[in-house]
Amino acid sequence: MKYLKAGMILGCALAITAPTVQAIEFNQLQPGKSSLAFVSKQMNVPVEGSFKSFRGKLSFDPAKPAAARAELEIDLASIDAGSKDADDEVASKDWFNTKAFPVAKFVSTSVKPLGGNRYEVAGKMSIKGRTRDLSTPVTVTQQGNSATFEGSLVLMRADYDIGGGVWADFGTVANEVQIKFRLVASASTAAAKKPPSNSSQEKNR
Amino acid sequence: MLAIGDGIPRWDMPLSIRAPHKLRVPQKIALPTRTMSPTPAPDSRSSYTRVAIGLHWLLAFAIIGSFSVGLYMVDLPLSPQKLRIYSWHKWAGVTIFLFVVLRLGWRLLHRPPELPAAMPAWQRNIAGATHILLYLLMFAVPLSGWLMSSAKGFQTVWFGVLPLPDLLEKDKELGDLLLQLHMLLNFSMAALVFLHIGAALKHHFIDRDDVLTRMIPFLRNTASGDCK
């Protein structure tokens, strides 16, 4: 009963701000189930890496994709660049300068449906004090109470001054870095407790 | 030159032709032996074939070069230069492996020249074992390097163009283990190469036989006087 009451109050609050009946909204990023990987090319050899620690805010309502938002903060120190040597190297000033710029940040600016379960997400990516526009297609797969947002895009490391000095030559480490993301978000309890109409249905059961 | 006591069976002869050499003197007896052998026995047995000599020296310099580069590169701090050297080392390893395949093929189809008649059996056995181990290591060293590279998560792409399949998944502990193996195999090979070079020099300067000159024919003109 307590929950129902809280749900109703919340539902009412939601009803005020969003008068239309709200469908499910995925807004709880599950970092444990998500992954953020990248592939760099060293001497034309693809080398896989990943970031272990990141967090973000995400909200996605399939009924209102244009209102979707995404914000992601990545702890650059959590990088696995393929080897211990590489992990140490990329923290240096020539690369991420992790001490001065510990976090990379992505903030979405627009989401456009591309048909089906695909969307074009545009936003601003900030790394090492440099902010660049980027956009990427995202595929959304819903499974019950959670949704998976997957996609890949190519960043130019030089755009963010990643890998300067002796590394500036792209012959050894290519400029293009492929980013592969897989973000899993669940619908929050608040969103799961549907607006009044749904709550009343529950009551009727 | 190889007249006396030349009938001792040799490690590197195919079994079918480990017949006493003297039997070849009466040609009618020798003939069946020769036809039974998988490869034709050359008339002149004083030197390796040109191809065998070429492959020997090509691989000798390539292997010593790659070994030295390997020793040098492991302790370098990470830099573009280090990545380049690692790539070259891997490309060299793949190339060496292919030449070793060629070389073994050639070796199986062409009988090497006879060992000096005066060589005692224990020396022939050691020489035989050394050669077999060197061949095994010429295969094992590049293979272990390739597997290590895969286990460490770096695919080998020959000359940056032809990707070799990764036979192993990325696995840090296995990668470290394979590094140890690669080093062990390399140092074993280095020890055998020293034995091999030492023996060749001993044959040339102490025994004064043709063991070295049959692999370096141009030395023979200058050394033939001594050999008599």
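What percentage of the 205 residues in chain A do buried residues make up? Buried residues account for 27% of them, where a residue is buried if 20 or more other C-beta atoms, placed from the backbone, lie within 10 Å of its own.

## Basis of the model

This is a predicted model, in which local features need pLDDT of at least 70 and side-chain atom pairs count only at pLDDT 80 or more, while totals for chains, interfaces and linings use all residues. Residues are numbered from 1 along each chain as its sequence is written, and chains are lettered from A and ligands numbered from 1 in the order in which they are written.

## Chain A and Leu36(A)

Chain A has 4 helices and 11 strands, these being DSSP runs numbered from the N terminus (helices H or I, at least four residues; strands E, at least two). Of the contacts in chain A with a separation of 6 or more, 58% join residues 24 or more positions apart, a contact meaning that the C-beta atoms of two residues, placed from the backbone, lie within 7 Å.

Leu36(A) lies in strand E2 of chain A and counts as buried because it has 21 C-beta neighbours inside 10 Å. Leaving aside residues up to four places away in sequence, Leu36(A) touches Ser50(A), Phe51(A), Phe54(A), Ile74(A) and Phe181(A).

## Where the chains meet

The contact takes 16 residues from chain A and 12 residues from chain B. On the side of chain A that touches chain B, E3(A) gives the most, with 4 residues, and the residues of that side divide into 7 nonpolar, 5 polar and 4 charged. Here Ala, Val, Leu, Ile, Met, Phe, Trp, Tyr, Cys and Pro count as nonpolar, Asp, Glu, Lys and Arg as charged, and the others, Gly among them, as polar.

## Helices of chain B

The buried residues of H3(B), including Leu83(B), Tyr86(B) and Arg107(B), pack against strand E2 (35-42) of chain A together with helix H2 (50-73) and H4 of chain B.

Helix H4 (residues 121-151) and helix H5 (residues 172-207) of chain B pack at an angle of about 155 degrees, with their axes 9 Å apart; axes are lines fitted to C-alpha atoms, for helices over the stretch in contact, and angles run from 0 to 180 degrees between N-to-C directions. H4(B) and H5(B) are therefore roughly antiparallel to each other, a term for angles over 145 degrees. The residues of their contact divide into 18 nonpolar, 8 polar and no charged.

How values were computed. Angles under 35 degrees count as roughly parallel, over 145 as roughly antiparallel, 65 to 115 as roughly perpendicular and the rest as oblique. A residue is buried if 20 or more other C-beta atoms lie within 10 Å of its own, exposed if 12 or fewer, and partly exposed in between; C-beta atoms are placed from the backbone.
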